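Student: Could you take me on a close look at one part of this structure, the place where two of its chains meet? I would like to follow it step by step.

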Number of protein chains: 4
Amino acid sequence: MTHKIAILGASGYTGAELVRLIAEHPNMEITALAAERKAGQTMAEVFPHLRHLDFPRLCKIEQIDFGQIDLCFCALPHKTSQEVIRDLPSDLKIVDLSADFRLADPDEYEKWYGNPHAALTHQDEAVYGLTEFYREDIRAARLVAGTGCNAATGQYVLRPLIPAGVIDLDDIILDLKCAVSGAGRALKENLLHAELSEGTNAYAVGGTHRHLGEFDQEFSKLAGRAVHIQFTPHLIPANRGILATSYVKGDPQSVYETLCAAYADEPFIHMLPFGETPSTHHVRGSNFCHIGVVADRIERRAIVIAALDNLTKGSSGQALQNANLMLGEPETTGLMMAPLFP
Amino acid sequence: MTHKIAILGASGYTGAELVRLIAEHPNMEITALAAERKAGQTMAEVFPHLRHLDFPRLCKIEQIDFGQIDLCFCALPHKTSQEVIRDLPSDLKIVDLSADFRLADPDEYEKWYGNPHAALTHQDEAVYGLTEFYREDIRAARLVAGTGCNAATGQYVLRPLIPAGVIDLDDIILDLKCAVSGAGRALKENLLHAELSEGTNAYAVGGTHRHLGEFDQEFSKLAGRAVHIQFTPHLIPANRGILATSYVKGDPQSVYETLCAAYADEPFIHMLPFGETPSTHHVRGSNFCHIGVVADRIERRAIVIAALDNLTKGSSGQALQNANLMLGEPETTGLMMAPLFP
Amino acid sequence: MTHKIAILGASGYTGAELVRLIAEHPNMEITALAAERKAGQTMAEVFPHLRHLDFPRLCKIEQIDFGQIDLCFCALPHKTSQEVIRDLPSDLKIVDLSADFRLADPDEYEKWYGNPHAALTHQDEAVYGLTEFYREDIRAARLVAGTGCNAATGQYVLRPLIPAGVIDLDDIILDLKCAVSGAGRALKENLLHAELSEGTNAYAVGGTHRHLGEFDQEFSKLAGRAVHIQFTPHLIPANRGILATSYVKGDPQSVYETLCAAYADEPFIHMLPFGETPSTHHVRGSNFCHIGVVADRIERRAIVIAALDNLTKGSSGQALQNANLMLGEPETTGLMMAPLFP
Amino acid sequence: MTHKIAILGASGYTGAELVRLIAEHPNMEITALAAERKAGQTMAEVFPHLRHLDFPRLCKIEQIDFGQIDLCFCALPHKTSQEVIRDLPSDLKIVDLSADFRLADPDEYEKWYGNPHAALTHQDEAVYGLTEFYREDIRAARLVAGTGCNAATGQYVLRPLIPAGVIDLDDIILDLKCAVSGAGRALKENLLHAELSEGTNAYAVGGTHRHLGEFDQEFSKLAGRAVHIQFTPHLIPANRGILATSYVKGDPQSVYETLCAAYADEPFIHMLPFGETPSTHHVRGSNFCHIGVVADRIERRAIVIAALDNLTKGSSGQALQNANLMLGEPETTGLMMAPLFP
């Protein structure tokens, strides 16, 4: 059986990545592609790398007959997404890639995003889309909220450690190195090649990055009390990839064993041998996440490092993984391709 | 039925690319991986991006039981390849990715490569591996000689034009822009990131690049008389991709129509609308080749530009395409994945 | 004696490059910096790499007291520049970096730029700023029109050859590889890091690039008859540098000797030994141009390749070289810094 | 008066950077350039970007008449350097760029570098070359040991804080992002463009990087008791630049004021406004170091970030700054050039 798929926001990077992945999926068919400002164009005009594929032209959302759609991916900008989803059929399965349904508490949403939420009922209904930790909820969900790409990476490093009692919960540092596609296809001066290549800088330093809302929500829930981490992202001159370096206090061997146990049966999360560390070069274009643990020379301090591709495992790959669950497909279908190296 | 595959030279870039592709092939199974200097290591140690795949350890060639192998890819260095292939079972299907069997004339081989050929019988037997133009020969072949990656790109631009009488055969210029993985995983100063990134330069200028041997052989055969082109490759700071800009004299519309006719039914060669030109960004990691034709402001001059991924369509993808034919599989199996962008 | 300098358009890349160079000039002082949209900001806010320098805040053009200025650099957008310069004091020395005064013929200007020229008197007065070939005119000029960066590179390759009778004037091909800063600080999708890095493509193919207006004007004047070349620029993933590969017909040794003779006493133009070719890596951040000549394997065909930094020798360095002449300073003052490598 | 300068190890990146800088120095003249394996070649052959400069050919060290040399830079590999310096004239002024004389304690040296020191007397005599903190000692020194480039960056962030009592000395984390030229011109697989570009990874994780020897020595001396920090370097796909992100515990405003006070009169160290952070893009090719301080959302936690160019301020620029002091020149001579951006 072939599932009919719609993608809203098909002219952005996460939209294109969804298309790349779904084109290889044996049981999905792209039935509608929407992109407001580029409606009427072909996908090949907007993304020439998809020229070999045969799709309907980009349209406006209101042109889609959602009665024919089995599942809809929303790759729309934050704030737009909640307004669009509010008006979609209430029985339509949806995977949202925006930030709009990640935070369950309306006050937290408003604190981090600056506006009151416009679709409170849906916010209540949404399941947080970190597949490995919400698998059963996602399987039963109608609306899944894809995680932030940084938030996903940091949680793969830290989630198993928090309820395990193996690290100090008041002293967690997460230093991220993020490739530029995470910022989307936005026309901003600092995203120009001439400004970005050949150098690096931190941004949103000091606890202002919105993905902290996700960390706070999830880690506090796991710990049963407030947990606040330090999180500093850095922009690196690469198109894909996030490397998360986490500094935690606890026995490194216990940290390692906790992570190994948590991920033993996971198809996409791979623990490296103790003492080895991953590279974003080795996950590019794939749905895999590599994690390594190293003991510092100072006792009871561990460094945990994770690498994944922000557009795949951090966003569109995760979305497809969730859609597989929601549609009763094997979770890994269409997602086992090897990374592209070099 | 699953074909059992061996790869000799699995620790280089074309070897790794073969593994990436074959891992997705529904009817092939990698049975043996050889790499002389890294024998005994796992593939994950040599190429951590393949960590999720389960393979036999790298071995030495003599450890392989070729009686169990249905097809063998040789991704060995030039000169080594002919010596190895000479000693392999004479009924083993082989796709060679080296330069050793590309030139049919032993004198031409010696002229371009500097040493007498060590496997003349095999040289005689080998079929030139430019799939779109030798499809039936390849289907029947035992030994196929993969083309040079630059030679493939240039031929996609020029081959249909040469016998068609639409261009001046004595005035053909081919200016190539080549990514660095074409040079392999060799430890050379000019391939270091610090020497290569953020700039460009020509190399092998003036008619000294060995792929000219292939151009001369093929174009002269097509024309029925000697054809010598000018060919200047340039190294660009990118990992994958070749852009071939060809300057030819003839009616641009006829040039375009000739190419369109030649490639109308080809699954991997895509003609852009007249006047548009391709980008290597849009074929990365794929087996596609995009070709565009533009009329110059000067009458009867056309610019033809092709883009492909040197490791895929220019090398390992081509090799798999040929192997599919040799094994009776559909030619496109395992090769229709979309390019990775951005 | 210190010359007082104003820079109009200080918030773009050529403006910033002028500041970088003039900051090291012993006899120039930056008195005014104008940037319409960023007026009121400090230079450090707009270009943090100039943080260590002490300048007046960015202002609007009308705030500048031009009576105190000895020389004014205009690094404004095309079309804006002619309107601004028309209204500046008629005795003010000006080096314009825009395209507005490069073409002497108003019809040619309108043909290439699409609008009638708004300052015809100044267009008539302007001297073409290719220093090595208009040195004495520039010394005496009030208004100098900086050349296009591609136009400069192509002319360094070809100018001496055209009147020398050593090449076929009807068969000249110029294939350029251009770094991205040549496109300025404009917010365009194709200039984003994610779209540009790791690949290459041609643009303005077929004789549509505006710098052809300069080639036509200059080469025809030199030849005493119409000369039209083929010119194809390509965008490469680097921030600075142009590599011009020219294919000409003539005796390579004569071509080489003609160029050597022309540039024997030039401080910034360096001929490589015959048979060697230059790299943009080796001129980055400098005012030097390296040129190499190679004989093709086909008789009477030569390949001439030049490399320079588009922001320095191709634009702001050239502008300063011209300003030195106009102000009676030694031509090389402030311009002999070595390239930055790696 | 012109100082006669020799550079030993002129074929590496720090050697080339010294030449680039000294070529602009008004009172220094390069009299001898040594490079063992490339002796006999011209500097233009080894580094074509220095083609415009006129130097003696590369020679072997024993060919240099040190009686004529006023100051000698040693840019030799670790271990080689101590053996060479041991045999140089005992009154020759030397700035060593290797690691050989950075650690004062022979046991610490052996612990971090794995071999007993071969020039103990010189080790005793050497002054640690972090100019801003050892200025008077350097002025009087005969032998100055240039610091590690990572060690310099980390110390600019942390040194003033350690004796000031404003941070917790037992909980300091230093997360570095390092460009590739810091690894030198070595032919290693992980330094190839194809392996390094478009991604990032940590290395020497857990307290094994040799620059920790310098941190331990200096910070413990400043604190009057043992201070051990956590230090994790990451390789980023850029040629120049180090970004040091430091996580410290203390009042952010006090941290900021301490750093501002320490660097108020320093010509090369620039404090950004409180809350702003630096970028390696903005120091490329210069001798400047930019430092920013941000308060984390968690009380009494500060993030301090510094950016410098590893080849200039981190190595050869520092060396020239020290040489200026040793020769009685103004410290900033030849070092005030602006960064290259973009």
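Tutor: Happy to! Let's begin with a term we will need: a polar contact is a pair of N or O atoms within 3.5 Å, and within protein one of them must be able to donate a hydrogen and the other to accept it. Please keep in mind that this is a predicted model.

With that term in hand, look at chain B and chain C: 36 residue pairs are in polar contact between them, counting pairs with both residues at pLDDT 80 or more.

How much surface do chain B and chain C bury between them? The value is about 4200 Å², with 51% of it on carbon and sulfur atoms. Within chain B, the residues that lose the most area to chain C are Glu198(B), Gln230(B) and Arg297(B), which together make up 18% of what that side buries.

One salt bridge links the side chains of Arg301(C) and Asp171(B), at 3.7 Å from N to O.

Now zoom in on Lys249(C), which sits in strand S11 (residues 242-249) of chain C. Leaving aside residues up to four places away in sequence, Lys249(C) touches Asp171(B) and Lys249(B) from chain B. Within chain C, Lys249(C) touches Val166(C), Ile167(C), Asp168(C), Asp171(C), Arg300(C) and Arg301(C). Here our opening term returns: the side chain of Lys249(C) makes a polar contact with the side chain of Asp171(B), at 2.3 Å.

Lys249(C) and Asn190(C) are 59 residues apart in sequence, and their C-alpha atoms are 35 Å apart in space.

Methods
Residues numbered from 1 in each chain as written. Chains lettered and ligands numbered in written order. Predicted model: local features only at pLDDT ≥ 70, side-chain atom pairs only at ≥ 80, totals over all residues. Heavy atoms only, no water. Buried area = accessible area lost by both parts, 1.4 Å probe. Salt bridge = Lys/Arg side-chain N within 4 Å of Asp/Glu carboxyl O. Helix = DSSP H or I, 4+ residues; strand = E, 2+ residues; numbered from the N terminus. Contact = heavy atoms within 4.5 Å.
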